[in-house]
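Student: Please take me through the structure below, one question at a time, and state each cut-off when it is used.

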Amino acid sequence: MSDTSNLENAAAGTKVVGAGRRKEWTGAVVNPPVWRASTHLYENTAALAEGPRKNEDGRFFYGRRGAPTQWALSEALTQLEPGAAGTVLYPSGVAAIAGVLLTVLRPGDVLMISDNAYDPSRTMGKGLLHDFGIEPRFFDPLDLSAYEAAFCERTRAVLLEAPGSLSMEVCALPELARIASAQGAVSIFDNTWASPLGFQALEKGIDITLMALTKHVGGHSDLMMGSASAGPELYAKLRTRAQQLGTVVSPDDASLALRGLRTLHLRLKQETETALAIAQWLSHRPEVAQVFCPMLPGAPGHELWKRDFTGGCGLFSFVFRGGSAAARNRFVDALTLFGIGFSWGGYESLALPIDPAVYRSCMAWPPAPALAADRYGVRLSIGLEDPADLIADIEQALSTWSAE
Ligand SMILES: *Cc1c(COP(=O)(O)O)cnc(C)c1O
């Protein structure tokens, strides 16, 4: 008989398959059913009176605290994250970032934000948080001494992300987390790229790790959700704040996310393998100045990725050797197997023209003087198509590109 209570020492695939499948939630079937519920019913008025007092995970109360479908997903994510006491679910990745920051920060605080963070995270610092009296300060996560020097009395938290959004830099996460902790600040890490299968954030010293489940956990480009996991003290605070903010996710979406989760390890493995083959191939093309793929030996960030990560994924970028925005866009338009769109981490490949310079305060783009003329980039999200077909498609699209 299956028992998912002790997966701690199991390998990733075994955990992904078994996590969150408690017998009391699944009954006699494999997947937890979709529990659609606002009202939870009580046996009698005495049990009703108990409800609000016992605010614990896995207790029926009212729809806003979820029901077994959501509980199964959040328990599954907790079981995948060594060191986590619990996981809060949010209706999107951005909602997870907001929920975490609104838990940790108070008016007057400084939030340090990695300059290569996802743009909506940057915008949240400059907009929502600024409006609430919190000061965002951007820093270069590759410059440890400048980072350490940037802390002040009011620095309450640091928001990290790796690889960097669009530009894919890998920073020294354990060192960055250690410095934040020594300065009395909470380290928050956006682990959407690697997931806990590729980077065990809490074990590496991060205080709160979050993900856009919209990407790899969903995996099929048909749902939006986010999560945040932490140790006991911070998890309790995140959970309380989420309840105060009225944060809920639908059981239908939680069920879809659970379905996606069961193949996460296989999809990540295949994506990583295909992405690496494509990255390698691109790095030898005369049209390409630089490939930014942490899994690629010799690429920026590869050594730190090898040191700290246990896996990769299919998302990486490259820049053309010179050229123009128009030539780059012609290339993207000529692709036939890649969709053009935001998001990533689905089973289907996507391509996106990127201009990271627009989203930087203190980090240079292009990232090195030798690449000064090479600013026109493309981000590829590699899906599960055949690698040779994807390479053939990129090759035919490259024939439309010219430096003039
Ligand atoms: C997409 C993304 C998010 C936000 O997720 P949504 O579900 O789209 O709100 C957050 N962080 C990273 C790194 C992302 O790529």
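Tutor: Before any residue is classified, a definition is needed: buried means under 20% relative accessible area, exposed means over 50%, and partly exposed lies in between (1.4 Å probe, protein chains only). This is a predicted model, in which local features need pLDDT of at least 70 and side-chain atom pairs count only at pLDDT 80 or more, whereas totals for chains, interfaces and linings use all residues. Residues are numbered from 1 along each chain as its sequence is written, and side-chain values use heavy atoms, with hydrogens and water left out.

Student: Is serine 92 buried or exposed?

Tutor: Serine 92 sits in the loop between β1 (86-90) and α5 (93-104), where helices (H or I, at least four residues) and strands (E, at least two) are DSSP runs numbered from the N terminus. Leaving aside neighbours within four places in sequence, serine 92 is in contact (heavy atoms within 4.5 Å) with Met224, Met225 and Gly226. Because its relative accessible area is 17%, serine 92 counts as buried.

Student: What is the relative accessibility of isoleucine 208?

Tutor: Isoleucine 208 belongs to strand β6 (residues 208-212), and its contacts, not counting residues up to four places away in sequence, include Val100, Val104, Phe189, Leu202 and Leu238. Its C-alpha atom is separated by 13 Å from that of serine 195, 13 residues apart along the chain. Isoleucine 208 counts as buried, since its relative accessibility is 0%.

Student: Which residues does proline 82 touch, not counting those up to four places away in sequence?

Tutor: Proline 82 has its place in the loop between α4 and β1, and it is partly exposed, with a relative accessible area of 22%. The C-alpha atoms of proline 82 and asparagine 9, which are 73 residues apart along the chain, are separated by 10.0 Å. With residues up to four places away in sequence set aside, proline 82 touches Gln200, Leu202 and Glu203.

Student: How far apart do the C-alpha centres of domain 1 and domain 2 lie?

Tutor: The domain assignment of the protein chain gives domain 1 (8-261) and domain 2 (264-398), with bounds that come from an automatic or database assignment. The contact between the two takes 44 residues from domain 1 and 36 residues from domain 2. Their C-alpha centres lie apart by 27 Å.

Student: In domain 1, which residues lose the most area to domain 2?

Tutor: Buried area is the accessible area (1.4 Å probe) that two parts lose on being put together, summed over both. For domain 1 and domain 2 this comes to about 3400 Å², 64% of it on carbon and sulfur atoms. On the side of domain 1, 25% of what is buried comes together from the residues that lose the most area, namely Leu166, Trp193 and His216.

Student: How many residue pairs are in polar contact between domain 1 and domain 2?

Tutor: A polar contact is a pair of N or O atoms within 3.5 Å; within protein, one must be able to donate a hydrogen and the other to accept it, and residues adjacent in sequence count only if both atoms are side-chain atoms. With both residues at pLDDT 80 or more, the count between domain 1 and domain 2 is 20 residue pairs.

Student: How many salt bridges does the structure hold?

Tutor: Among them, glutamate 50 and lysine 54 meet at 3.0 Å, N to O, with glutamate 50 partly exposed at 29% and lysine 54 partly exposed at 33%. Another joins glutamate 287 and arginine 285 at 2.9 Å, N to O, and here both residues are buried. Arg22, Glu24 and Glu75 are linked in a network of salt bridges. The number that the structure holds is 17.

Conventions
Salt bridge = Lys/Arg side-chain N within 4 Å of Asp/Glu carboxyl O.
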